[in-house]
Amino acid sequence: MHELSMADAMVKTVLDVAEKNDATEILEVTIEIGKLTMLNPEQLKFLLDVLVEDTLLKGAEINIVEVPVKINCNECEYTGAANMDDSDHYLAIVECPECGQRNVEITEGRECNVKNIKIEKEEGDEDA
Amino acid sequence: MHKIADVEIQHDIMVANSKLADKNQKILDDADVFSVDVLGAIGSGKTSLIETLIQKMDHKIGVIAGDVISKYDAGRFEKYDIPVVGLNTGKECHLDAHLVKHAFGDLPLDSIDLLFVENVGNLICPVDFDLGSHIRMVVISVSEGDDTVEKHPLIFKNADLVVINKVDIADAVGADQDKMVADVKILNPEVKVIKSSLKTGQGIDEIISSIESFMKQ
């Protein structure tokens, strides 16, 4: 539901970094979105496509990578992937796939990370 | 000539918000203010519950009233002659740590010992954004339907206190209030779940004692 503001923040972050690195063109952007964030990747992609109009980002390939959910179990000390099979977020956050207990903590899957960009710049420019 | 360069950014917007939230909590701790996030569905009774707590709790209370248009809720709190800051979120569906930090500047934190931060009525978006408060109280009511918890698991997973309000009308709206309690317990076995009615007064003392026991921790 807040994809617009998040997309806006991402575009600003990317343009800022691109400018600091003297980019003449942005070829590719990779964004990581945790599966448990309240963000819909398709909506996010749509809004990014709208927001990049008239910016250096126009035409760049935008990769949205979904980050799977990982949990720590406080009962059996299982650490690893949550069971997301046939679940709509429910099982993953309540049940340890190892011991079945519900005392689990989410360690990954809530990211909203602008990971990296691939840019084109003038040869000879110093790296920022 | 042009060359291609890979630039690592690693800027996580959620982490950036969490860092601001940590700073907010430090500001609150330095001022000896205990802060309670009040989250919940539209019309679940968040504002009315805070009004009741203002009247019944023996503390120096302040409120940050966040809403799409905050003047309505802020106006309700101002009647009690307490410090209130309205936070308009405009088109946004949630408060974030940055907005709350700004509100601190308009609050006399030194003359408050308990702060309620009322979020926008929404069970989805506020989940992602820590604000820096010490506990999260989630308020829902039976009139939203007894499948509300199942449909919005994450907000309950992260709650410190859950209030199921308007239980006096559960039968009238055909909601199974005990199912709602059980659903919360599946997601968050340790959390305290209080059935309340602001009309009959049910559960109010329990909510107050729960908040006060968190304050003592």
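Visitor: How many residues does each chain bring to the contact, and what makes two residues count as in contact?
Guide: Chain A gives 33 residues and chain B gives 27 residues. Two residues are in contact if their C-beta atoms, placed from the backbone, lie within 7 Å. This is a predicted model, in which local features need pLDDT of at least 70 and side-chain atom pairs count only at pLDDT 80 or more, while totals for chains, interfaces and linings use all residues. Residues are numbered from 1 along each chain as its sequence is written, and chains are lettered from A and ligands numbered from 1 in the order in which they are written.

Visitor: Which element supplies the largest share of the side of chain A that touches chain B?
Guide: E6(A) does, with 11 residues. Strands (E, at least two residues) are DSSP runs, numbered from the N terminus, as are helices (H or I, at least four).

Visitor: Why are E6(A) and strand E1 of chain B called paired?
Guide: Two strands pair if DSSP finds at least two bridges between them. E6(A) and E1(B), residues 2-12, have nine bridges, so they count as paired, in the antiparallel sense. In one of these bridges, Val114(A) has His11(B) as its partner.

Visitor: How do you know what confidence the predictor has in chain B?
Guide: From pLDDT, the predictor's confidence in each residue, from 0 to 100. Chain B averages 95, and 100% of its residues score at least 70. For the complex, the predictor gives an ipTM of 0.82 and a pTM of 0.88.
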